Amino acid sequence: TKEVFEDEHVRERGLVEERKVDGSDHPFINMPVQFSNADTDIYRNPPKLGEHTREELRGVGYDEETLDDLEANDII
C-alpha cells in the first residue's frame, strides 16, 4: 500500500526505487537485505498480469490445445 513507500524506515534505508513500467514511473521496494559485497539491484520489472500464464500452465501439464481453448474462452 501507499503507506509502505512513505514509511520513514523504508525511506531511510533507501529501499524505495522508482522504475519505469509502460512509460510511467512506479515505486518498488528494493531488496530489504543488503550485503556489502553483493549486488542486490532490481534488474527487471515484475511480470505483467498473465505474462507467464501459458508457460506456467505448460509446466504443470496443460497442452497447447487446452491452452488455446482457455484463451479463446477468456479464461486466461
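What follows is a short tour of the fold, surface and a few residues of this protein. The model is a predicted one, in which local features need pLDDT of at least 70 and side-chain atom pairs count only at pLDDT 80 or more, while totals for chains, interfaces and linings use all residues. Residues are numbered from 1 along each chain as its sequence is written, and side-chain values use heavy atoms, with hydrogens and water left out.

The protein has four helices and two strands, with helices (H or I, at least four residues) and strands (E, at least two) taken as DSSP runs and numbered from the N terminus. Read from the N terminus on, the order is α-α-β-β-α-α. With a radius of gyration of 18 Å, well over the 11 Å that the globule rule gives for 76 residues, the protein is more spread out than a compact globule. That radius is taken over C-alpha atoms, and the rule is 2.2 Å times the number of residues to the power 0.38. The C-alpha trace spans about 50 × 30 × 20 Å along its principal axes.

Buried residues come to 17% of the 76; buried here means under 20% relative accessible area, exposed means over 50%, and partly exposed lies in between (1.4 Å probe, protein chains only). Of the contacts (heavy atoms within 4.5 Å) between residues at least 6 apart in sequence, 14% join residues at least 24 apart. As for charge, the mean positions of the 9 positive and 21 negative charges sit 5 Å apart. Lys and Arg count as positive and Asp and Glu as negative, with His and the chain ends not counted; each charge is placed at NZ of Lys, CZ of Arg, CG of Asp or CD of Glu.

The loop between β2 (24–29) and α3 (53–59) holds Arg44, and Asn30 is found in the loop between β2 and α3 too. Asn30 is buried, with a relative accessible area of 10%, and its side chain makes a polar contact with the side chain of Glu17 (3.0 Å). Such a contact is a pair of N or O atoms within 3.5 Å; within protein, one must be able to donate a hydrogen and the other to accept it, and residues adjacent in sequence count only if both atoms are side-chain atoms. Arg44, at 70% relative accessibility, counts as exposed.

At the start of helix α4 (residues 64–72), a side-chain oxygen of Asp63 comes to within 3.2 Å of the backbone nitrogen of Glu65. After α4 comes Asp74, with a positive phi near 55°.
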